[in-house]
Amino acid sequence: MQHPAPDTPSRDRPEQASSGPSPRDVALENIVMMTGLGRYDDVRQLLADFHPADVAELLDQLDEPGVRQRVFRLLPPEAASAVLSLVSPAVRDELVADLSDRELAGLVEELDTDDAADLLETLPEERTPTVLAEMPSELAEEIGDLLDHPSDTAGGIMQTEYVSVPQYATVEQAIGLIRRAHDDVPEVHDVFVVNVERHVTGILPLSYLVLASPDEAVADIMDRPVISVPLEMPQDEVARILQKYDFVSVPVVDGQERLVGRVTIDDVVDVIEEEASKDIYAIAGVESESINLAHDSVLKRVGERFSWVVMTVLLGLVVALVISKVFVATFEKMALLAAFLPVIIATAGAVGLQSSTLVVRAIALGTLSFQRIVSVIAREAATGLALGASCGLITAAASYLINMGTPDILNLSVAVLIGMVISVTAAACVGTVQPIIFYKLNRDPAVAAGPLVTAFNDLLGTTLYLVVATAIQA
């Protein structure tokens with residue numbers, strides 16, 4: 001076995017620079033330069049060496065829309081269709097706007113039906129029928145059926161291209177059916193075995209066919225029982241099934257249990273990324289995940305984030321109102337209380353956000369048992385109590401040492417300790433309960449892990465802290 005030589009400096013071999021333009025950046029510069037000079041054949045040759053995903057990334061990085069359009073039109077149809085499904089939403093809208101319905105229909109035909117439906121779903125509502133009208137009627141009908149299903153369900157992400165064989169077929173016959181279907185289904189992961197009613201009775205991985213005798217019956221070598229998903233199953237549930245059972249693909253069935261399509265692992269990867277992005281944006285309090293940091297205007301960025309920021313401001317004003325109208329006398333008697341208010345608010349907010357994030361993730365992964373909700377809340381409350389006591393002791397000791405010799409320093413330290421314990425414990429409970437409530441109301445639970453829970457915990461922590469301080473003063 002050959003081993004790589006140790007990477008030691010040598011006088012004959014200069015050390016590689018730690019910084020500098022990457023090959024992709026150099027290629028981007030060359031494409032821009034050659035496109036500007038009209039050297040389109042050279043651009044085509046350079047683009048041919050790139051994977052469509054890399055070309056899509058290059059187009060996303062281009063700042064000049066005119067250059068982007070010219071580069072896109074130099075791609076062959078198969079590559080152009082793949083690139084169109086991979087570029088960012090803003091760039092896709094720009095490219096599509098420059099294509100006629102006939103041109104766009106030609107590109108859509110190159111895609112798998114699920115990718116084609118996803119692409120058409122991004123078009124303006126009035127344009128989708130005109131593009132479908134330019135396509136072969138059978139393909140247009142298949143894609144139209146997919147568009148009828150909600151985009152976040154198994155029916156919305158499935159492919160209608162699959163290979164099925166009758167359960168009475170032999171291995172040799174099954175291989176023949178796969179060969180004949182190759183033009184329509186170039187990627188075959190599993191073969192679905194069906195009965196006369198098109199119910200899936202077994203799954204046949206390709207490796208089984210390769211290793212079996214030609215005259216062996218597929219019913220004797222197929223995997224069973226079959227796990228399938230209904231058309232209306234949410235996409236995150238479909239992703240969880242493929243992940244749980246380590247499937248490459250899973251059959252999709254209609255209300256009569258008839259095979260209508262398949263969801264493959266590459267679709268699930270997209271779903272996992274999409275769901276994770278939604279949760280991250282919801283936790284951050286951003287309305288849409290379509291913001292492009294490189295191209296979108298300041299006005300659009302403000303519009304997408306304004307509502308959550310205003311909600312935070314309003315809840316902050318409630319905090320100010322509570323302090324100025326209810327607890328002003330408390331501050332007049334013990335002004336040093338204000339110095340430790342940010343510490344308690346920040347600590348309670350951090351613990352509440354941790355609890356809500358853990359619950360949101362557990363819901364997303366399907367690991368939260370709703371039969372044990374009370375136990376989950378109790379454990380998070382105990383965790384909040386322990387964290388609050390630990391942080392409270394540290395903060396109270398610090399307040400005593402910092403203000404030693406100040407009148408009422410003992411009352412101040414006790415107020416800080418008890419206020420921290422109660423505020424953090426309450427924040428942990430609120431952070432746990434809020435996502436569960438949102439989930440039960442069929443709302444995205446990740447919303448509860450964002451600015452909403454932070455602002456609410458600010459209000460709760462402030463009120464509880466000052467109530468404790470007022471009681472101790474009395």
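## Aromatic pairs and backbone features

The count of aromatic pairs comes to 2, where rings of Phe, Tyr and Trp (its six-membered ring) pair if their centres lie within 6.5 Å. Planes under 30 degrees apart count as stacked, over 60 as edge-to-face and the rest as tilted. The structure is a predicted model in which local features need pLDDT of at least 70 and side-chain atom pairs count only at pLDDT 80 or more, while totals for chains, interfaces and linings use all residues. Residues are numbered from 1 along each chain as its sequence is written, and side-chain values use heavy atoms, with hydrogens and water left out.

| Pair | Centre to centre | Angle between planes | Class |
|---|---|---|---|
| Tyr162 and Phe192 | 6.3 Å | 55 degrees | tilted |
| Tyr245 and Phe247 | 5.4 Å | 20 degrees | stacked |

Tyr162 lies in the loop between α11 (154–157) and β1 (164–166) and Phe192 in strand β2, so their pair ties together parts 30 residues apart in sequence. Helices (H or I, at least four residues) and strands (E, at least two) are DSSP runs, numbered from the N terminus. Tyr162 is buried at 18% relative accessible area, and Phe192 is buried at 1%; buried means under 20%, exposed over 50% and partly exposed in between (1.4 Å probe, protein chains only). Tyr245 is partly exposed at 37%, as is Phe247 at 25%.

Two residues other than glycine have positive phi: Arg198, at about 65 degrees, and Asp246, near 60 degrees. Arg198, in the loop between β2 (190–194) and β3 (200–205), is partly exposed at 31%. Asp246, in the loop between α15 (235–245) and β5 (249–253), is exposed at 68%.

The peptide bond from Arg224 to Pro225 is cis, with omega near 0 degrees. Pro225 belongs to the loop between α14 (218–221) and β4 (229–230).
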